[in-house]
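Colleague: I have a structure open and would like to learn how to read it. Please take me through it feature by feature.

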Amino acid sequence: DRNAQLALCSTGQCSFYYPTTLDEVAAMQNAVSSGVVQGTFLPEIGPGSFTDYLFYNFNNTNQCKADMFRNTIFRQAINIMIDRQALIDAALGGLGVAGYDYNTSASKPFDAAFLDPFEFNPERGVEMLATIGFTQMGDDGVLTNPETGCRVEFDVQYNDGNNRRAQEALVMQQTASAYGVKINPKAVSVEEWSDAWVGGDVDNPSGTNVFRIASNLNGWNKDKLAADPWEILVDRMTVQMDGTLDLAKRVEIYNERAVIMREQLPLTPLISPSFHVYTNMSNVWPVEFMDSISI
């Protein structure tokens with residue numbers, strides 16, 4: 001719960017803290033400058049190492065939703081209907097960058113820096129949705145497939161108490177609604193969120209537990225018996241990365257996998273907060289060498 005973390009740290013009850021929103025940054029700056037807490041606060045020391053994602057549940061019990069989420073064109077269409085700059089402004093107060101890959105530039109050379117930024121082209125997104133049957137606008141303004149009755153409507157869940165993700169979901173909802181896509185932001189308990197959390201570790205850029213089929217942190221497909229060829233390829237690449245010690249070869253495999261993930265978008269990168277750190281620990285770190293990875 002981000003609110004609980006901020007309350008503790010801005011009253012001197014933690015030794016280190018990484019704020020991710022403008023409000024959190026301002027609160028910690030004020031707490032340090034006013035003397036309420038002891039320690040050091042360093043804002044914007046570089047890009048953060050994590051990216052927020054929109055990921056799809058291929059195993060949805062609603063067959064209409066499952067078919068929709070498994071369709072590559074659907075995922076690509078929703079991707080270009082996301083205004084990432086609006087997300088940065090609303091959720092981060094401008095203190096962040098648009099996501100483009102599983103990692104950020106903080107994780108280089110495992111950051112697929114050759115990838116172009118995502119475009120924002122909602123009109124083209126509507127055209128793409130029409131090619132997969134969503135051709136009719138319902139009375140409530142939601143695109144519908146007249147043959148199946150399926151609507152371009154889905155929930156976006158985020159962990160309760162995370163204001164950053166709540167803002168992202170709200171902005172996506174507002175932007176998409178003008179183009180016939182109904183997104184329903186839904187806060188879920190932290191416990192429920194952690195059970196389905198998608199994550200990884202910069203020490204293991206292969207992301208074994210995220211990218212392998214039905215692995216514990218695979219956020220889109222838990223069904224080993226219903227995997228598409230590209231999922232099998234990503235799984236094999238991930239295993240290959242784990243067994244590759246040569247850095248150049250490891251980066252090469254990462255980049256090949258990044259191209260597939262960019263095309264398929266089961267994890268759609270949204271935004272990455274800038275990195276800020278408050279520390280009140282006994283050790284002293286040279287500021288010029290501090291970044292989100294070293295910390």
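The dialogue below covers salt bridges, a helix, the cores and a surface patch.

Colleague: What should I know before starting?

Modeller: This is a predicted model: local features need pLDDT of at least 70, side-chain atom pairs count only at pLDDT 80 or more, and totals for chains, interfaces and linings use all residues. Residues are numbered from 1 along each chain as its sequence is written, and side-chain values use heavy atoms, with hydrogens and water left out.

Colleague: How many salt bridges does the structure hold?

Modeller: Start with the general idea. Side chains of opposite charge can pair when their charged atoms come close. A salt bridge here is a side-chain nitrogen of Lys or Arg within 4 Å of a carboxyl oxygen of Asp or Glu. The structure holds ten.

Colleague: Which residue forms a salt bridge with Arg2?

Modeller: Glu24, with the closest N and O atoms 2.9 Å apart. Arg2 lies in helix H1 (residues 2-9) and Glu24 in helix H2 (residues 22-33), so the pair ties together parts that are 22 residues apart in sequence. Helices (H or I, at least four residues) and strands (E, at least two) are DSSP runs, numbered from the N terminus.

Colleague: Are Arg2 and Glu24 buried or exposed?

Modeller: Buried means under 20% relative accessible area, exposed over 50%, and partly exposed in between (1.4 Å probe, protein chains only). Arg2 has 13% relative accessibility, so Arg2 counts as buried. Glu24 is buried too, at 6%.

Colleague: Which residue does Arg151 pair with?

Modeller: Asp140, at 2.8 Å between the closest N and O atoms. Arg151 lies in the loop between strand E6 (143-144) and E7, and Asp140 in the loop between strand E5 (136-137) and E6. Arg151 is partly exposed at 25%, and Asp140 is partly exposed at 48%.

Colleague: What about Glu153 and Lys182?

Modeller: Their side chains meet in a salt bridge, 3.7 Å from N to O. Glu153 lies in strand E7 and Lys182 in strand E8 (residues 182-188), so the pair ties together parts that are 29 residues apart in sequence. Glu153 counts as buried at 18%, whereas Lys182 is partly exposed at 34%. Elsewhere, salt bridges that share partners join Asp52, Arg164, Arg165 and Glu168 into one network.

Colleague: Which residues of helix H3 are buried?

Modeller: In H3 (residues 63-70) they are Cys64, Lys65, Ala66, Met68 and Phe69. Their cover includes helix H4 (72-79) and strand E7 (153-159). Asn62 caps the N-terminal end of H3, with a side-chain oxygen 2.9 Å from the backbone nitrogen of Cys64.

Colleague: How do I read a nonpolar core?

Modeller: Take buried Ala, Val, Leu, Ile, Met, Phe, Trp, Tyr and Cys residues, joined through side-chain atoms within 4.5 Å. The largest such core has 55 residues, and Phe74, Ile78, Leu129 and Val181 touch the most other members. Helix H11 (residues 247-264) gives the most to this core, with six residues. A second, separate core of eleven residues includes Cys9, Cys14, Phe41 and Tyr278.

Colleague: Which residues make the nonpolar surface patch?

Modeller: Patches use residues with over 30% relative accessible area and no salt bridge; like charges are joined within 9 Å, nonpolar side chains (Val, Leu, Ile, Met, Phe, Trp, Tyr) within 5 Å. Areas come from the Shrake-Rupley method with a 1.4 Å probe; for residues, only the protein chains shown count as cover. Phe16, Tyr18, Met281 and Trp285 make a patch of about 360 Å². Trp285 is found in the segment after strand E10 (271-279) and is partly exposed at 33%.

Conventions
Contact = heavy atoms within 4.5 Å. Polar contact = N/O pair within 3.5 Å; in protein donor to acceptor, adjacent residues only side chain to side chain.
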